[in-house]
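I opened my notebook to record what I looked up, one entry at a time.

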Amino acid sequence: MCGIVGYMGESKIKRILLDGLKELEYRGYDSAGFALMQNGRIEAYKAVGKLDNLIHKTEAVQSSGFGVGIAHTRWATHGKPTELNAHPHQGRFSHVVHNGIIENYTELKKKLQSEGARFLSQTDTEVIVHLYEQLAERHKDSAKAFEETVKQLEGAYAILLIDERCEDRIFFAKKGSPLQIGLGESGRFFASSDAALVGLCHEAIYLEDGCWGWVSPESLNLFEGESPVSPVAKAIPPTLHSAQKEGFRFFMEKEIYEQAQVLGDTLMGRLQEDRVHLEEIDRTLLDGVEALRLCACGTSYHAALASTYLFERLSRMEARVEIASEFRYRDPVLKSSELFVVISQSGETADTLEALKMAKRAGLKTLAICNVDNSSIVREADATLLTRAGIEKGVASTKAFATQMMVLWLLSLLIAQRHKTLDPALLAQEIAAMRHAPQVLQVPEKLHDRIHRLSKRYLHGHGFFFIGRDLFYPLALEGALKLKEISYLHAEGYPAGEMKHGPIALADSELFTIALLPGTLLKEKMRSNVEELIARDSTTLAIGPECFDLADDYLPTQPTDHPMLEFYEMMVVMQLLALEISIRLGNDVDMPRNLAKSVTVE
Ligand code: AGP
């Protein structure tokens, strides 16, 4: 949700800024812009839409020698995606880029306007630059002015600001939105995620909330409130590679194909013969834990929901799921005997992060299941299980979901071992199924071809219902989310048994039902529910190991005796279906409209 890049040094500034934005574009792609300062003059460039528009527009822009630059790729929150609303925002002598939301911008704006400030955009961000300039004029001290500015801002922010009057500084501040300072041989770098720092520096300072300061060629000045803080640099993970499409049409397609391999990575070192071993979890973390409270958003929320069936069935442990954005504003009754588990691919989702902080304040032990080491959620939680999916660039989450499910399955078995809720033979069966899981995620060429051909029949209609029961109900929710995110067709996930309590009223030949028909769980119940829809003429695509003659279309999965293996295979089928429908509709699969990869605003 917005990406920020900054650089101070002697290398090609424009190239560094644009390359950094390319790495972060998945975070927001409504508009992009950058500002360069050389010899005390700032020039800014902006373009609406994808980053390529900015790249073309600035082909002739050159920079040489020492300079500073800040850049931004935007996911609109306040004001439409226009050039005027694109960052950087400018005052008379300074420019700012910002990720997050300034909650008190209306009152600040009114005050600044009454004092003569002229606003050009509808954004909340613009108040920062006018407030800073007003304070800089008053104090005649840019650092003091920046400190005072930050003090007056409420909400969430990662900010970079440059000022023509101090041409060798970049000011920065962080609260609630990610920001890192990369320490490279050719200068200082800033980025919202270390993906943009790879290849430029080996170490970064992962800023904590409440930090602000400035960098100059000679120094890095870091403060928390009024107190100076010594910066602590950490190595950027060596495994972090800049993701490339490697011949696939879209990152999402590549990430679907990668699932078999990354699931193997998730399991690596975590299975010991007939036992699960999670060395990241200190034995004491589970001491006294009687129930789990899982909290997440979007796809990660679906993983949480699906996992409750595993925790109940395998670990005999109560597991309750919370949507983070709802949880935060309730007055939840929390018990110290609950382990609070947050699930997040990015580790930066604002609502999930705040829910985690709430649980910590209430004295609960916390565990993060996350794909990004050093992310805000990982740093906040008591313990972390990394999902090891690698960088996920497609906005529609695929391999992150697959690996989250695996970590949750591992955790359910760890608890089962501890509480002895599974006899050794059953535990061994679970572990054998787990070891087999990466294989069922391999995509057979024939299956992909078939889905490609079938997809042309599912490009219209007045809606899709993805239906399933048990574990396959949250999977149906996830299938529907995948389709609507990238095809813009209306899709809903529903528990199959609930259709007759209302939604079946929608059934006709233009209503598409995607039915998950596993062989291992509630087979007959599920068939009856599908037949009820077919009897009302809903066009039906059945997915499962047994051919379902009554359905209009059928996609096969392998017969197996473990529901999680069916779960994974059906997951791939639905991901490919959404992908192929989206491609046929001519959509940008990786950067669907109105969305951004990591949602760092509430
Ligand atoms: C998934 O396809 C979505 N893009 C979205 O629902 C996502 O899962 C959600 O925003 C949560 O993100 P997180 O896992 O990074 O916290």
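My entries below go from the backbone to the charged side chains.

**Entry 1: what I am looking at**

I note first that this is a predicted model.

**Entry 2: a buried residue in a strand**

I started with S31. I found S31 in strand β2, which covers residues 31-38. Is S31 buried or exposed? Its relative accessibility is 1%, so S31 counts as buried; the cut-off for buried is under 20%. Next I asked which residues S31 is in contact with, leaving aside neighbours within four places in sequence. I listed A47, V48, G49, H72, T73, R74 and A86.

**Entry 3: backbone angles**

Most residues other than glycine have a negative phi, and most peptide bonds are trans. Then I looked for exceptions.

I found a cis peptide bond between H87 and P88, with omega at about 0°. P88 sits in the loop between β4 (67-74) and β5 (89-90).

I then looked up K140. It is not a glycine, yet its phi is positive, at about 55°. I placed K140 in the loop between α4 (126-139) and α5 (142-152). With 68% relative accessibility, K140 counts as exposed.

E273 belongs to the loop between β16 (271-272) and β17 (275-276). The relative accessible area of E273 is 69%, so I wrote down "exposed".

**Entry 4: one loop, two residues**

I turned to the loop between β24 and β25, where L506 lies. L506 has a relative accessible area of 43%, so L506 is partly exposed. What does L506 touch, if I do not count residues up to four places away in sequence? I got H462, F465 and L511. I also looked up how far L506 is from S344. The two are 162 residues apart in sequence, and their C-alpha atoms are 34 Å apart in space.

D508 is in the loop between β24 (491-495) and β25 (511-516) as well. Its relative accessible area is 31%, so D508 is partly exposed. I came back to D508 in the last entry.

**Entry 5: salt bridges**

How many salt bridges does a search of the whole structure find? I wrote down 38. I looked at some of them one by one.

I began with D287 and R418. Their closest N and O atoms are 2.6 Å apart. D287 lies in the loop between β17 and β18 (291-296), while R418 lies in helix α11 (residues 399-419), so this pair ties together parts that are 131 residues apart in sequence. D287 is partly exposed, with 39% relative accessibility. R418 is partly exposed too, at 25%.

I moved on to R293 and E322. Their side chains meet in a salt bridge of 2.5 Å, N to O. R293 is in strand β18 and E322 is in strand β19 (residues 318-323), so I noted a link between distant parts of the chain, 29 residues apart. Are R293 and E322 buried or exposed? Both are buried.

E546 lies in the loop between β26 (539-544) and β27 (553-556), and K523 lies in helix α15 (residues 523-535), so the pair ties together parts that are 23 residues apart in sequence. E546 counts as partly exposed at 38% relative accessibility. K523 is also partly exposed, at 28%.

Last, I found a network. Salt bridges link K144, E147, E148, K151 and E226.

**Entry 6: charged patches on the surface**

Which residues form the positive surface patch? I listed K446, R450, R453, K456 and R584. Helix α13 (residues 445-455) gives the largest share of this patch, three residues. I checked K456 and found K456 in the loop between α13 and β23 (463-468). K456 counts as partly exposed, with 48% relative accessibility.

I also recorded a negative surface patch. D508, E510, D537 and D552 form it. This is where D508 comes back: its 31% relative accessible area is over the 30% that a patch residue needs.

Methods. Residues numbered from 1 in each chain as written. Predicted model: local features only at pLDDT ≥ 70, side-chain atom pairs only at ≥ 80, totals over all residues. Heavy atoms only, no water. Patch = residues over 30% accessible without salt bridge, like charges linked within 9 Å, V, L, I, M, F, W, Y side chains within 5 Å. Areas by Shrake-Rupley, 256 points an atom, 1.4 Å probe, with all protein chains shown as cover. Salt bridge = Lys/Arg side-chain N within 4 Å of Asp/Glu carboxyl O. Lys, Arg positive; Asp, Glu negative; His and termini not counted. Charge placed at Lys NZ, Arg CZ, Asp CG, Glu CD. Helix = DSSP H or I, 4+ residues; strand = E, 2+ residues; numbered from the N terminus. Buried < 20%, exposed > 50% of the residue type's maximum accessible area, 1.4 Å probe, protein only. Contact = heavy atoms within 4.5 Å.
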